[in-house]
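I opened this structure for the first time today and kept short notes. The entries below follow the order in which I looked things up.

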Amino acid sequence: MTIKENKPASRSNAVIALFVLICSFALLLISMVASIGFGASSITIQTIIDSILNYNPNDSSHIIIQELRIPRAVAAAFIGAALAVSGAIMQAMTRNPLASPSIMGVTAGAGLLLSIAFAIWPALSHIQLLIVSFVGAGLGATLVFTIASMSRGGMAPVKLALAGTAITTLLSSVSTVIGLRFDVAKDISFWYAGGVSGIQKISLYYLIPPIVIGIILALFLARSLTLLSFGDDIAKGLGQRTRWVKVTATCVVLLLTGAAVSIAGVIGFVGLVIPHITRFLVGLDYRWVIPGSALLGALLLVVADTIGRTINSPFEIPVGAVTAIVGVPFFLYLARKGGRGI
């Protein structure tokens, strides 16, 4: 195929990708409005608009919207975006379709250090919890990649997934022991269930900035990640400094995952499922995969949270349980394929 023949195809792919992004953004807005409106008490769209434009502190509906529903919907969107973008980056770096923060030990590592923090320093601030979560995420990822690299044959996709599953189980078990020993099991179980039910306005000030920074950095790395997803040899042959890209991308993953876990706990499978769906819709160019993953990840978590709190109202199902219903079959499908192809 000549360059002239390839240009219309590239332009066509860009148009399709742009259309997907626009549709995803529209669906995200609709889902957020639905999330704000549905719950133990249903709220009309007009009431939502009034609470934003003409807030009345004496109106209970306005208080519910401003103090509970909007922060919860916004947090779910940003956390979903962070986890999905993290998964997309990890899959590009490792060329492993089974890679995701929840499977590669990243979220479990963050959860373990948060458990230790709850037991020893129960009065940590949001910023301190964010730092602890960031360090724990790095610890979990380091353990998984070290163990997988020591196995015969190197870091094959399935071996990496098995190492990640083993380390995740180990770290989760240690967290449980810490919870029972120091009587913080209730706090720890909340983090491992994963959810956004306790989100307050102040939480958004510590959640949004690191996620926005992480996604912007991921967009700057998008072209490099595209080359990296085709293999180190190809990337180096095209002048890519692969080591620098991997180090930077790893820091972005830890920043995004650490921020998400410090606020919402362990929410699995968003980073596994969404990048695959995004690549199916927009192609392999990470300049489209990164924003597409962010929007679709946000959409998935907002919808999952809405389902979790309305399907058995007034009781709530943790959002992590809802995402697992989607993610577990998808993971088994990929594992059955032997982790072939991204």
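**Entry 1: serine 133**

I began with serine 133, which touches Ala110, Leu114, Thr257, Gly258, Val261 and Ser262, leaving out residues up to four places away in sequence. Contact here means heavy atoms within 4.5 Å. The model is a predicted one, in which local features need pLDDT of at least 70 and side-chain atom pairs count only at pLDDT 80 or more, while totals for chains, interfaces and linings use all residues. Residues are numbered from 1 along each chain as its sequence is written, and side-chain values use heavy atoms, with hydrogens and water left out.

I placed serine 133 in helix 5. Helices (H or I, at least four residues) and strands (E, at least two) are DSSP runs, numbered from the N terminus. Is serine 133 buried or exposed? Serine 133 counts as buried, because its relative accessibility is 0%. The terms are set by relative accessible area: buried is under 20%, exposed is over 50%, and partly exposed is in between (1.4 Å probe, protein chains only). I also looked up the separation of the C-alpha atoms of serine 133 and glycine 308, and found 25 Å for two residues 175 apart along the chain.

**Entry 2: leucine 256**

Next I went to leucine 256, which lies in helix 11 (residues 242-264). Leucine 256 counts as buried, since its relative accessibility is 0%. How many Å separate the C-alpha atoms of leucine 256 and alanine 82? They are separated by 5.2 Å, although the two residues are 174 apart along the chain. Ala82 is also among the residues that leucine 256 touches, together with Val85, Ser86, Pro210, Ile211, Gly214 and Ile215, when residues up to four places away in sequence are not counted.

**Entry 3: helix 5 and helix 8**

Pro210 came up again when I turned to helix pairs: His126, Ile127 and Leu130 in helix 5 meet Ile202, Ser203, Tyr206 and Pro210 in helix 8. Ala, Val, Leu, Ile, Met, Phe, Trp, Tyr, Cys and Pro count as nonpolar, Asp, Glu, Lys and Arg as charged, and the others, Gly among them, as polar.

The axes of helix 5 (residues 126-150) and helix 8 (residues 201-220) come within 10 Å and cross at roughly 40°. Axes are lines fitted to C-alpha atoms, for helices over the stretch in contact, and angles run from 0 to 180 degrees between N-to-C directions. Helix 5 and helix 8 are therefore oblique to each other. Angles under 35 degrees count as roughly parallel, over 145 as roughly antiparallel, 65 to 115 as roughly perpendicular, and the rest as oblique.

**Entry 4: helix 3 and helix 13**

I looked up a second pair. The axes of helix 3 (residues 60-94) and helix 13 come within 7 Å and cross at roughly 135°. This pair is therefore oblique. I counted 17 nonpolar, three polar and four charged residues in the contact of helix 3 with helix 13.

Helix 13 (residues 286-310) also holds threonine 306. Threonine 306 is buried, with a relative accessible area of 10%. Beyond four places in sequence, threonine 306 touches Ser31, Ala34, Ser35 and Phe38.

**Entry 5: the whole chain**

Last, I looked at the protein chain, which has 14 helices and zero strands. Of its 342 residues, 49% count as buried. The C-alpha trace spans about 65 × 55 × 35 Å along its principal axes. Among contacts with a separation of 6 or more, 75% are between residues 24 or more positions apart.
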